[in-house]
Amino acid sequence: MQSPLPVRDGVNATRLRLPDEGPWETALDYMMHRWGHIDPQGIEDRFDAGEIVGEAGIALDRSTPMQDHTFIWYYRTLPPETRIPVELDILHQDDHLLVVDKPHFLPTTPGGTYIQESALVRLRNQLGLPDLIPMHRLDRMTAGILLLSTNPETRGKYQVLFEKRQVQKEYECVSAAEPAPGHPAVDFPLVVRNRMTKSRSYLLAEVVDGEPNAETRIERLHTFDGSGAPGVDGGPHRRALYRLEPHSGKTHQLRVHMASLGLGIVNDAFYPELLDKAPDNYAKPLQLLARGIRFMDPISGSPVEYRSRLELSEAR
C-alpha cells in the first residue's frame, strides 16, 4: 500500500494499522495508548497540525473515530544519530539503476537505531532521489555491491529477476586456511546445502533438520600468512581467501555455512560463537565482501555485471 505522505529527509512515513475493535473511540485515543507515555503533547500537536493522515491523505483530527480509517500514516520524530565514519562509492547510475559499494558497518535500510545513518537514506538525500529503493540487502557488517532501483516504473522488472533467482552473486571472505579442531578436512570446491531458520534467540540463524533451503558453492582462492596469533602448531597463522556463490538468500547464510565447516569468517562476532555486544571496531570489519553481481538486464536485454572496488583488509 502506497503512502499518501511523501518521503521526508530521506525517510518514509510510518504506517500504523488501527485495530478493528477496542476501548478506544478515536485514533488519538489509540495513539495515546501506544505512545502517550513518551510524548503526549507531541502526538496532540501532530493531530492539530494535520500531520497524521489516513487513506487518500485525509488529515485526522483529535475527534476522528477509530473506524473511519484502517491505516494511518505519520512521520516519526527521529533522534539525533552519530555519523558512521564510512562512505558510499557510486559505481553506476542510469535511468533505472543505481549501483554502489556499501562499506562495512553501514546498514542498507533504516531500522533500529540507524535511520539517517543507512545507505538508503544517505543516498536519497545525497542524490535527491526520494523514490530510491534497494533491490536486495546486505547485512550491516557486510560490504560490497548494492543495487537500488531509481525508477518506480521499471522497478518490477528487476524485482522479478531477484524473485526468480536469475541474479548471480559472488562474495569473498577471509577465514582460516584449515578447519578448526573437531571439524573434518575440506576438499574445495564444495557445495554446502542445509535447512536454515531464524533462531528464536537473539538475531542468530541456525541449521535445522529438514529439506534444504540454503545452498552455497565455496572455493578457496589462495592461502597466505595472516596477522595475529600463531597457528596451532606454533607456525604462522595460515589464512585463505574464499569465493562464495550463494544460490539462495537466507539470513546470515554465508556466515553460517563457513562456520559449519570450522572456517568462521574473520571478525565475525556471531558465528561460530556469539560474542558479547561491543561498540563497533572500525579497524576490524567482518571479512565478508559482496564482490560482484551479474544478470540479464531486462531493459537492454544484454548481460551486465557490476564489481566492487573494495578490498578486504585481511586478504593479504
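**Entry 1: cis peptide bonds**

I began at proline 272, which I located in the loop between α5 and β12; helices (H or I, at least four residues) and strands (E, at least two) are DSSP runs, numbered from the N terminus. The peptide bond joining tyrosine 271 to this proline is cis, with omega about 0 degrees. I then turned to proline 189, placed in the loop between β7 and β8. Its bond from phenylalanine 188 is likewise cis, and omega there is near -5 degrees.

**Entry 2: basis of the values**

I noted that the model is predicted, that local features need pLDDT of at least 70 and side-chain atom pairs count only at pLDDT 80 or more, while totals for chains, interfaces and linings use all residues. Residues are numbered from 1 along each chain as its sequence is written, and side-chain values use heavy atoms, with hydrogens and water left out.

**Entry 3: positive phi values**

I looked up phenylalanine 105, in the loop between β4 and α3. Its phi is positive, about 80 degrees, although the residue is not a glycine. Phenylalanine 105 counts as buried because its relative accessibility is 4%; buried means under 20% relative accessible area, exposed over 50%, and partly exposed in between (1.4 Å probe, protein chains only).

Histidine 252 lies in the loop between β11 and α5. I recorded a positive phi near 60 degrees for this residue, which is not a glycine either. Histidine 252 is buried, with a relative accessible area of 11%.

**Entry 4: strand β4**

I asked how many of the six residues of β4 are buried. Six of the six are, so the strand is largely enclosed by the rest of the structure. Leu97, Val99 and Asp101 are buried on one side, and Leu98, Val100 and Lys102 on the other.

I next traced its pairing; two strands pair if DSSP finds at least two bridges between them. Strand β3 (residues 89-93) pairs with β4 in the antiparallel sense over four bridges, and the two form a hairpin with three residues between them. Histidine 92 stands opposite valine 99. The pairing of β4 with β6 is also antiparallel, over six bridges, and leucine 98 has leucine 148 of β6 as its bridge partner.

**Entry 5: the nonpolar core**

I found 32 residues in the largest nonpolar core, a core being a set of buried Ala, Val, Leu, Ile, Met, Phe, Trp, Tyr and Cys residues joined through side-chain atoms within 4.5 Å. Leu148 is among the residues with the most contacts inside this core, as are Ile218 and Tyr242. The elements that each supply at least two of its residues include β4 (97-102), β6 (143-149) and α5 (253-260).
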